[in-house]
Every structure is written in structure tokens, then in C-alpha cells.
Amino acid sequence: MRRNTTPRPATRPTHRRPLVWTAGSLTVAVSLLLQGCGSGSDSGSDDGRTKLTFLNQSRGQEAALNQLAKQYTKKTGIAITVDSPGPSDYLAKLQAKAQSRSMPDVYSSFDAVDMAPFYKAGWAMDLQPELKGAWGDEFAPGVIKMSTFTKDNNLGVPAGVYSVHWETQAYGLIIDPKATGIDPKTPPKTMDDLIAALKASNKDGKGNFLVAASLTPNLIPAFASNWLTDEQISATYAGKESWKEDGWRKAFQLLVDMKKAGVIANGSLPGGNGDNPAVETSFFNKHEVGAIFDSSAGVSVGKRTAPDYTDYSSMSVPAAADAKHPPRSTGVPGKGAVVNPRGEHAKEALAFVKWLTEPAQQKVFSEQALILPTSPELLAGGSIPSQLTGFAEASKTRQIVPNSVTTDVYTAIVRGTQSLVLGEKTVDQVLDDLESAQGRS
Amino acid sequence: MASLQARIRGSRDLRRNLTALTFLAPAIVLIGVFTITPFLQAILLSFQSWDGISPDTPFVGLENYRFVFAFDAFWESMKNVAVFGVVGFFLGNGIALAMALAVNHIRRGRTFFRTVFYLPGVLSVVVVGTIFSFLFEPRSGILNHLLDLAGLGSLQQNWLGDPDFALPAVAAVFIWFHWGFGFLLFLAGLQDIPAELYEAAELDGARAWAKFRYVTWPQLAPVTTIVSLLTLLAALQIFGTVQVLTNGGPGSHTLVPTLLIYEEAFTNNRYGSAAAMSVLFGGALVLLSLIQLTIARRRSDA
């Protein structure tokens with residue numbers, strides 16, 4: 001009988017060793033993994049001091065926010081950590097935080113459509129009861145209404161107010177008087193006048209006006225408001241009225257008219273991830289075009305990227321020649337905050353947000369980031385920079401639309417207007433696409 | 001006696017297998033946690049409705065698949081990505097092979113060209129996108145500027161804004177970005193071909209084309225299989241380049257499934273239909289890879 005020559009006692013430990021090492025490393029790996037996946041809280045008070053976290057979306061207001069946070073800490077002893085992942089990563093980071101249930105105490109508000117899932121999941125405090133008091137009087141008329149979710153809104157958010165804002169955002173035209181021949185004191189009264197002015201100043205024939213494809217969902221409703229009321233616009237967003245209404249057809253046709261007149265630069269609408277920054281660069285830095293469609297926040301970008309260039313002004317989108325109503329800028333609440341009611345320090349977070357919206361703090365935002373405040377006191381104070389006066393005017397007649405454009409419709413407008421300007425699609429085809437997109441929503 | 005031997009052999013095999021499995025365990029766990037589980041979760045999610053935030057994920061049966069099948073943009077994006085696949089496969093690999101042949105042929109400056117040709121692959125996709133956004137700018141872009149300087153002003157284009165040029169422009173950026181990888185592998189493959197084969201071919205009177213056709217190409221077959229498969233998959237999974245340069249535009253001319261899936265999940269908050277798109281698109285990729293590998297295996301067996 002042959003014996004197994006392998007000395008057993010000697011081999012056993014060598015077989016066990018990898019097993020032990022593997023088991024050990026697996027334990028470490030799994031525990032690290034579980035630690036990573038575990039729910040944590042962004043707020044805390046380990047050293048007995050209340051700490052709040054603010055997830056900030058805006059780059060332009062980051063410096064002002066940090067300055068105000070320090071000031072608040074000095075005043076109250078509450079430590080504030082401002083986390084600014086940047087505008088492109090903001091929503092993804094907020095989603096990740098919601099999924100891991102480690103939401104910040106306060107976070108920036110964004111478009112209603114993007115924020116709706118957070119509001120529906122209970123990650124936002126309903127501020128309506130608070131705003132009914134004296135706090136509500138600190139905002140210009142219409143500001144709170146614009147961020148109010150009414151009953152049966154198309155996003156399915158329970159009725160309430162989930163965000164407060166220290167910025168009034170309006171959309172309009174930023175124009176260089178020299179490059180367009182437009183006198184800001186006597187701006188064009190109709191779209192025809194505007195097109196004529198842009199055509200006359202289009203010396204190289206390459207076009208003198210630009211709008212980013214991603215901003216057309218704000219331009220088209222502004223055009224449409226010439227023929228549609230806010231109620232009709234809101235009903236269309238909710239799918240209760242058709243996109244094939246004449247008002248929408250005429251709105252898209254205005255864009256076609258601009259293309260036909262040759263005033264749209266390069267005969268196309270810039271797309272891509274950074275389309276609007278590219279449009280702003282084209283205006284503020286390269287001076288390639290004399291007019292752009294942008295939000296009031298664009299002025300803040302101009303100040304940051306081209307501080308020496310101040311010879312420009314803003315104006316509302318002029319009326320169409322056959323307008324039924326005065327045109328109105330799309331109503332989008334500007335920069336603001338949402339309070340997490342499930343945070344450890346929801347009460348303190350609310351107090352901080354209330355403090356941020358006080359006129360003194362709004363003034364810091366307004367001066368540092370060059371934005372339009374929401375405080376009636378500041379708006380009436382006459383301290384608005386000349387570049388923002390057109391936007392300030394536009395903000396007085398903004399659309400108050402309780403429903404929101406769904407993301408499908410938004411994408412369809414972006415893609416549709418690009419195709420329209422390129423002459424690949426007709427207005428009717430774009431309207432058909434919008435109807436389909438509304439159906440998908 | 002025989003049974004005892006068999007038992008000893010069996011226990012030795014078992015021990016050996018156990019040792020091997022022990023060493024493989026960390027990898028198996030990691031693959032299980034980070035590859036298999038998300039894959040299965042994606043399949044599960046494709047039958048559910050989820051907005052990415054809500055704790056509720058109700059089952060909706062085949063609703064997401066019905067939605068995707070009726071979604072024109074998805075099929076349009078599939079058509080666009082097929083163009084990227086074809087261009088990446090033929091043109092991308094062709095250029096990489098041509099560059100490898102050229103560098104393999106030269107005696108001086110081989111290290112320089114190897115570094116220069118591989119350099120694009122080192123850059124981040126966002127950097128590449130930003131560089132080419134500047135290059136393709138219709139008014140101040142370097143490309144149009146150079147054309148103007150060369151007296152070819154009539155060839156100036158709105159490279160990313162014109163539907164006729166947007167897809168080819170993005171495809172060109174993709175090729176530039178990815179050629180380094182194929183180039184390096186082809187070069188390594190070329191350097192592995194024994195010189196005797198070329199000497200024998202020369203003795204038989206073979207010229208350059210015959211040497212390539214009957215020596216280089218068959219000897220490179222294993223490398224070609226791997227490179228072409230990986231390039232094809234990279235082309236079909238193109239995302240960052242498109243997102244930064246055109247975001248799928250103008251219109252939907254450069255829209256690709258990965259971008260659409262991203263938009264569906266992170267913009268439209270419809271993770272269920274995004275997962276259904278992922279399953280369909282991922283399934284198509286797996287199928288395509290299997291077909292290509294089968295063809296390559298048959299060719300090498302023949």
C-alpha cells in the first residue's frame with residue numbers, strides 16, 4: 001500500500017493561511033462596503049455645537065453664501081458647512097443623498113420639475129404656514145405665488161410652498177447698444193422692429209443674435225404670451241390644452257422669422273452641455289454677437305467673466321405685431337433654498353433660511369453676485385445696476401403659471417427649435433412632436 | 001486499494017479547488033456585488049416604476065418595455081450609434097493599424113510617435129470635448145480659421161450645428177480619442193511577428209502587399225479580434241464626447257442610447273424605462289460581441 005507522502009501537519013497551515021487571509025480581507029472589505037452604504041446624517045452636533053449643511057447649486061453665489069454662513073455662525077454659534085458640487089453635478093448629488101437618506105439640512109432650490117420628486121418624497125418642509133406671517137411680507141408680490149404648488153398641479157406635488165427665494169429671475173434680451181444700434185432708452189416696440197434692428201446691424205451677414213437651445217423652453221412661452229394667457233399656457237403644460245393652439249404656432253413662427261431674416265448667428269441654435277455658457281462667452285467675452293436671449297443670472301456671469309465690459313443693457317422681449325396680450329417673461333423662481341424637515345436640526349435650518357432672505361442678506365447676494373433680489377424694499381430702493389434694469393422691468397410682468405413644462409416637453413422644445421431653425425422640420429411637425437412628448441409625460 | 005487512491009486523489013483535488021476558490025473569493029465577491037447585482041437590479045428595475053427618490057417602486061409589468069418600443073427617439077439613437085459603431089470599427093481600427101504599421105516600419109523616432117499617438121487616450125473625455133468645442137467653433141474656432149488662412153474659406157462649416165456635419169465631426173473626435181489604444185496593441189502585435197516569416201516571404205518573391213496579406217494580417221488576427229471588439233464596444237457606448245460636444249443635437253442627429261438612458265433616468269426621473277432601455281441596449285451589445293467572437297473563432301479555426 002502506498003502511503004500519502006505529503007506530510008499532513010505541514011500542509012494544513014499553508015492551506016489554512018490563505019483561507020484566514022481571505023476571510024480577514026473579506027471581512028474588512030464587507031465592513032467597509034457596509035459602512036459606505038450605511039445611512040449617515042450630514043448634520044450633527046458632536047461637540048455640542050449645532051452644525052448645519054447646505055448643499056449649494058450655484059457657483060455665482062457660492063462666495064456670498066460662504067460669507068453669509070460665516071456671519072451667521074459668528075452671530076448664533078451654529079456652524080454652517082456649504083457644499084458646492086457645481087451646477088452640473090448638483091442634482092445627481094442631491095439624488096444620491098436622498099437615496100442614501102443623508103440629505104442636507106438645507107439645499108438649493110432648482111427647477112420645479114427637477115425638485116418635484118424630492119418634494120413628493122417628503123424631503124422638503126412646507127413653508128406655507130410660515131410664509132402666511134410677517135415673513136411672507138418680505139417678498140415682492142408674485143414671488144411666493146410663483147413657487148406655490150397649487151392643488152392638482154401637473155407634477156403631482158402636494159399643495160404647498162417648498163422653497164423660498166432671494167433672487168428674482170427673469171428672462172429677456174441682453175443687448176450691446178453699439179453692436180445692435182439699439183438705444184436702451186427707446187428699445188424696439190415690436191418683434192418686427194427688433195428683427196429690423198438686428199438685420200441692419202448684421203454687417204458680416206453671419207447673424208447678430210444668439211439663443212442657446214437649452215433656453216428655448218423659456219423663449220417660446222415668452223413669445224406665446226403674446227397670444228395666450230397664463231391660464232392657457234398653464235393648461236397646455238398640464239396637457240389640458242393642445243400645443244397645436246394658434247398661439248404656440250405663432251410663437252414658433254417668430255423664431256422661423258428670425259432665422260429667415262438671417263439674424264440668428266450661424267443659422268443654428270448652439271446645443272451641447274454648455275450651450276448657454278457658450279452663448280454668454282460669445283456675447284460678453286468675444287463680442288461676436290450683439291444680442292442674446294438669457295436670464296437675469298447671465299449678467300452675473302458677465303460680471304464674473306468680463307468685469308471690464310459693462311457697456312450693455314437688458315430689455316424685455318418686445319411684443320409681436322399682432323399681439324393680443326402684452327408679452328410676459330417666463331416665471332421661474334431664482335436662487336433660493338429648501339429646508340429638510342427630516343434633518344436633525346430642521347428648526348435651526350428654517351431659522352437660517354429665514355435669516356438668508358432678510359433684506360440685509362439679500363443685499364449681499366445682490367451686490368456680490370449681481371442678481372435681482374426678491375425683497376420689495378431692495379427692489380424699490382433704486383440700487384439696481386443699469387445692466388439689470390430691463391430684467392427688473394420684465395420681472396414685473398412675469399407669467400404666473402402653476403403648472404410646469406415636463407422634461408419630455410422641455411427636451412422636445414430644445415430639439416424641435418434646433419430642427420426648426422435648421423429648416424429640417426416645419427412648425428406643425430414640431431407641434432406634433434410636442435403633443436407626443438406631452439402624451440409621454 | 002483503488003478506491004482509497006481515488007479518495008486520496010479526490011480529497012487532494014477538493015483541497016486544490018478550495019485553495020483556488022479561496023484566492024478567487026475576493027474577486028468573486030467584488031464581481032458579485034458590483035457587476036452581477038447591479039445587472040440583476042437593472043433587469044428588476046425595468047419592470048418597476050421609480051423616480052429615483054421615492055421609496056416606492058411598484059411593479060408595472062412590461063409597461064416600460066412597451067414605452068421604449070414606441071419611443072421614436074430610442075430607435076433614432078440606435079441608428080446613430082450604429083454609425084458610430086461602423087465608423088469606429090472600420091475607420092478607427094484602420095487608422096490605428098495604419099499608424100502602427102508606419103511606426104513599426106520607421107527606425108528613428110519610434111518612441112516619440114508612440115507617445116504622441118497614444119497621448120489623446122490619456123486625456124479625460126471632458127477635456128477632449130472642451131478642446132474640440134473650441135476647435136469646431138463656427139466663428140472663432142481654429143479649424144475654420146485655418147481653412148480661411150489656407151484660402152479654403154468656402155469649406156468653413158458650422159461643424160457641430162449643421163446636421164450634415166455634426167455626426168461625422170463627433171465620430172472624428174471619437175476616433176482621435178480612441179486610436180491610441182488600438183495603435184498600441186497593433187504595434188505590440190506587429191513587433192511579435194517573427195522576422196523569419198518576412199524573410200521567407202521575401203525569398204518567395206513577395207512584395208509589400210503580399211507580405212501584409214499573407215504574413216502580417218494572419219499573424220495579427222488575435223490582436224485584431226480583441227482590438228476590434230473593444231473599439232466596437234467603445235464606439236457603441238459613446239457618451240461623454242457626445243454629451244459635451246452636442247448633447248445629442250442638433251435636433252436628434254447625434255443622440256445615442258447611452259445619452260438617452262442618462263436623460264431618461266437623471267432628467268426625466270424615469271428609472272424604470274431607463275433600465276428597460278439599458279437592458280435592450282446591453283442585450284444588443286452582448287449579442288453583437290458574441291457574434292463577433294464566434295466569427296473570429298471560426299476564422300482562426302479554419
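Which helix gives the most to the lining of the second largest pocket? It is α5(B), with seven residues. The views below come from a predicted model, where local features need pLDDT of at least 70, side-chain atom pairs count only at pLDDT 80 or more, and totals for chains, interfaces and linings use all residues. Residues are numbered from 1 along each chain as its sequence is written, chains are lettered from A in the order in which they are written, and side-chain values use heavy atoms, without hydrogens and water.

**View 1. The second largest pocket holds about 870 Å³ of space.** A pocket is an open set of points on a 1 Å grid over the protein atoms alone, where a 1.4 Å probe fits, with protein on both sides within 12 Å along at least five of seven lines; lining residues have an atom within 4 Å of a point. The volume is the space filled by probe spheres set on the points. Of the 40 lining residues, G274(A), D275(A), A278(A), S133(B) and E137(B) are the closest to the centre. The lining divides into 17 nonpolar, 18 polar and five charged residues. Asp, Glu, Lys and Arg count as charged; Ala, Val, Leu, Ile, Met, Phe, Trp, Tyr, Cys and Pro as nonpolar; the others, Gly among them, as polar.

**View 2. Four strands of chain A form an open, mixed sheet in the order β9-β10-β8-β11.** Helices (H or I, at least four residues) and strands (E, at least two) are DSSP runs. Strands pair if DSSP finds at least two bridges between them. β8 and β11 of chain A are antiparallel over three bridges. I175(A) has S313(A) as its bridge partner.
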